[in-house]
Amino acid sequence: MRNSIFKYCIILNAVKNLDSTKQMLSRSFASLWMTMTLLFILSACTEQIKQAEPINRLPHIYPDYIGVTIPAGIAPLNFQVLEPSIEKVDIQITGSQGGELHVQDQWANFDIKDWHELTEANRGGSLNIKVQAKGKEGKWQAYKDFKIYISPYPLDDFGLTYRRIQPGYEVGGNIGIYQRDIHTFEETALMQESAVPGRCFNCHTPNRTNPETFTLQVRGEGGGTLVQKNGVQTWYNTKTDQTKAAGSYASWHPDGRYCAYAANAVHQSFFVGKDRNIEVYHSFSNIVVLDTQTGELIVSPLLNTNALEIFPAFSADGKTLYFSTSENCNVPAEYEKVKCSLCAISFDATTGTFGHQVDTLLHGPATDKSYIQARPSYDGRWLMFCRAERSNFPVSQKESDLWLMDLQTGKFRSLDEVNSPRTESYPNWSSNSHWFVFSSKSEDGLHSHAYLASIDEEGKVTKPFLLPQENPLKYYRNMFDSFNCPDFTSSQVEFDIRTARENLFSNERVQVKIKE
Amino acid sequence: MKNILDNKYSGIALTALFGIVAFLFWRVFYPHALVYQEQYQLFLFDSSYILERISLPGGIAAVIAECLTQFYNHPTIGAIIQSLLLVGIQLMTWLLMKRNGQQGIQYISSFIPALILWYVLGDESVLTIYSWSLLLTLTAMLFHPKGSKASMIYTLIFIPVIYWVVGPLVLLYTLFVTIQSVKKKDYLIGICVLPYALSFIVLSSQWLPYPVHRLLTGLFYYRFVDIYPYWLMAVPALCLLVTSFRIHSVLSIAPMLLIPFGYDAKKYELMEYDYLIRRQQWDAIIAKAEKQQPDMPMSVCATNLALGMKNQLGNRAFRFYQHGTEGLLPKFERDFTSALLTGEVYYHLGLVNTAQRHAFEAMEAIPNYNKSGRIVKRLAETNLINGQYKVAEKYLRMLEKTVFYRTWAKDKLQLIAHEEQIDKHPLYGRMRQFRLQEDFLFSDTELDKIFGQLFLHNPKNQLAIQYLLIHPLLNKDIDSFMRYLIAVQEKVKYNPTVCQEGIIFAYSQRQQTVPEGFVNPTIQQSFKRFAQVYSQGGQNSPQLEAFKGTLWYYLMKE
């Protein structure tokens, strides 16, 4: 519509430049004609709703944004009205602290600038959403209004990074690592398998959302561990005589010097019955820490036992390393016996050494559960983790839920506000620790999508919202990838894929040494 | 000959003959090759799909070619398109030759590039996009103006355009312009045009996430993205040679002789088995196997499935070549062709989850990351059967954007969340009855146990019964066979020829007499003769050949 008006103004100006009498007449006629046309277009596009039949229920919308809490400045929460035979929708938004927005379109498709202004003006307040829909027979129906709450907590991070991968089985297809500006709809690929054929890579892990320092791993033959600091890429071979595999599932120490990895071998087995598809398990797993300053690998006997140590995560102050550990079961035969405990060990960054004692925070076998993927918040207050019935890989566990531990009191609870009957996993914190992102298979049980939710000082968590898209139904319906390991990035990731590809295919790696 | 070809109708007749032969070649002898091309792509009438392609060099040709390749699903239409494509390339070559002053007998030489392309297409990984890109490039060459100034302007403008439309085949056009310019002593264009075109390829590598060598060999010409088919440049090189210089027409005989060598018999045999399985032409598979014994795991697997589907495995399994259980269900490989075929067996057995896994892996293993209509259809089916309606809907919505699968998808969308309708569906309802309810991990070393579970869960599963009993026999494990047979016969009446041969063999090993009624007298007599021959002449007795096709022959001789 804006384009039509703009074109109209240009033509009108051109018409005004005519100067002869004949041209004057022509101009008057042309202006009149154009005004009439514009009025016609306007009346055809924005329909005045004289009377709408009231429907005494909330509208069915996709994604379910009813009652969600969002940060000001997030990309517009566009949505589709999923009522039968909808031709057009009319959305009126009124801010509790002022401001209005009105859209009439095939779906609720808001202008980014208008949306940002409205949400900024209503920080800490709410938006009242009035939905009216026109059916094919031309009648308008008005549904019950709903609210979207604007959090007082800002989300100033640039956006998200995630790996998109085909869900389900062994072959990953065209895996790609992407970054997404969460304030607009722009998604760009950082690395795709089609650009580095035959190489399978793991997730991109920044240092507490700072993309100046990040790591990612390329698995298998010709693989390696990439560490990028301030734009300089270093490719390591982290496999040594004492470590059985290259590292994965990384976590950065806050000072950016150390990065913890789990060195493991991951496998899959497949169910024959009807309710489950896949069981993912590790045949071994130990934790190592790479000193990126010296190229040495720190190996502690307490993290390299016969058990499986996995998913390391440094605490906010860097003095503790959280991880999960499970007994060495005879997998896949004993896949049901894999129960992870959530543990912690102290770490001294000045000497690069671990403590002599492992503390068990939550005991897996004793509670007959598995506690995995611990993620401490960057303000040191919370510890989020997954709880599943079994396994050290929650993504494939239908019952996996997010849980939260208050690190001040040691109390923990299930995050019922965000959990669904399907898989929730891969939580990660925003730089201010008031927002978290996680992947959930709540939509169809197979494809995981990225959801965001906020948390306040008391640990109160709000209803999560699906990562907004310009045309959400089209985007998510056409999307056959899962959103793996979503994480916040405080600014745009600068990554030179050409240099990375050259380094990757050159097979030149910095061989790490075990720290004595 | 020269005089004959001076007549313009002779040329038309020759081209028409070429087209007819090409049509018959694809339609009669290689329809499976056409369907193969269609089944590893999925053209969608969707803006995102089209934009994703046309944003890359060669993407416009890719969209055109993929749009037309979807019609290969119907072999007659596919053969028409394929033959018209070859004819188009020949005609374009001729028009370019004519423009360069060639005539008469030279007409025969115009077939050389098309014939070489025909040979090259024998490599099933060469995509139809390559042929269409070639045709579009030849068309651009034809419209290249003769005048010096016009030629320069045309070249300057159209080189980036042609590069974006067809990809690196723009270099064919570039070299053509170079030759033409040098011939006309227009050295400036001649020298500059190649670096000009190369600069666009190099420049595009700065924006696109692909290295220069991939852009030079084409993003869309070959199915394997990590193989750089430089040899594909042979066809454009010949186009250049034929259109720019006079080639002795006798040379056109050579590519004709080459064509049969381009089509590997074994590879295309497997492709045909896969094609027949896709169309569930079980009788045709058996007839094909009867004509020529299959001897590769995949073809043996297809034959066994067809026999099983016609309930003949228990009677005729050993009349065909067998070589262990690999021929019953080949081991899973991360490969887009074998996983697809093996998945069909699991599907018909009622192992819906395993079939789904094979279908999924096959699609994700397609080397150029394409989707497959056939596989998406199967995934929609397995998810419908498993009651995963949201996932099924996702696949069906994708198929709704196609020409050939739209009606089917719309029909199946009606089944979403209608449990009763699915239960009553002739295929999906049966699959629901066959599939196992209890979850346990699949193991390809315990297939017989899985077949046993399928049978115990639903004794009406005829294919499971046949596979359960044939599996130990293929392993030459008579004890397990007898155990399974007893379990089967407790529940259903099933005692085909192969089982009777197994029973009498088992009893003779134990030196016991077969209880009356288990083995018919003819088989008993036959076994007596076999035992006699074997005891007298041993394993190498030539008389044993008379028992070829029996279980005993397989157990003692193979």
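## Strand pairing in chain A

In this predicted model, strands β27 (residues 382–388) and β28 (residues 401–406) of chain A pair in the antiparallel sense, with 6 bridges between them. Within this part of the structure, A:F385 stands opposite A:W403 in β28(A).

The two strands belong to an open sheet of 4 strands in chain A, ordered β26-β27-β28-β29, with antiparallel pairing. The edges of the sheet are formed by β26 (370–376) and β29 (412–414) of chain A, each of which pairs on one side only. From one strand to the next, the twist averages 25 degrees.

## Interface of chains A and B

The size of an interface is often given as the accessible area lost when the parts come together. For chain A and chain B the buried area is about 3700 Å², and carbon and sulfur atoms give 55% of it. Chain A contributes 36 residues to the contact and chain B contributes 45 residues.

There are 23 residue pairs in polar contact across the interface of chain A and chain B, counting pairs with both residues at pLDDT 80 or more. On the side of chain A that touches chain B, the elements giving two or more residues are β19 (258–270), α5 (472–478) and α6 (497–506) of chain A. The largest share of that side comes from α5(A), with 4 residues. The interface of chain A and chain B also holds 2 salt bridges. A salt bridge joins the side chains of A:E170 and B:R334, with an N to O distance of 3.1 Å.

## Salt bridges within helices

Over all chains, the count of salt bridges comes to 38. One of them links the side chains of A:E117 and A:K113 at 3.4 Å, N to O. These residues, A:E117 and A:K113, lie 4 residues apart in helix α3 (residues 112–121) of chain A, so about one helical turn separates them. A:E117 is partly exposed, at 46% relative accessibility. A:K113 has a relative accessible area of 56% and therefore counts as exposed, the cut-off being over 50%.

In chain B, the side chains of B:R397 and B:E393 meet in a salt bridge of 3.1 Å, N to O. Helix α22 (residues 389–399) of chain B holds both B:R397 and B:E393, and because they are 4 residues apart, they are separated by about one helical turn. B:R397 is partly exposed at 23% relative accessibility, and B:E393 is partly exposed at 21%.

## Further salt bridges in chain B

B:D411 and B:K412 meet through their side chains in a salt bridge of 2.8 Å, N to O. What is the relative accessible area of B:D411? The value for B:D411 is 44%, which makes this residue partly exposed. B:K412, in contrast, is buried, with a relative accessible area of 7%.

A network of salt bridges links B:D274, B:E344, B:R374, B:R378 and B:E381.

## A buried serine in chain B

B:S151 lies in helix α9 (residues 148–166) of chain B. Its relative accessibility is 3%, so B:S151 counts as buried, for which the cut-off is under 20%. Leaving aside residues up to four places away in sequence, B:S151 touches B:H144, B:P145 and B:I189.

Methods:
Residues numbered from 1 in each chain as written. Chains lettered and ligands numbered in written order. Predicted model: local features only at pLDDT ≥ 70, side-chain atom pairs only at ≥ 80, totals over all residues. Heavy atoms only, no water. Buried < 20%, exposed > 50% of the residue type's maximum accessible area, 1.4 Å probe, protein only. Contact = heavy atoms within 4.5 Å. Pairing = 2+ DSSP bridges. Axes fitted to C-alpha atoms, helices over the stretch in contact; angles between N-to-C directions. Buried area = accessible area lost by both parts, 1.4 Å probe. Salt bridge = Lys/Arg side-chain N within 4 Å of Asp/Glu carboxyl O. Polar contact = N/O pair within 3.5 Å; in protein donor to acceptor, adjacent residues only side chain to side chain.
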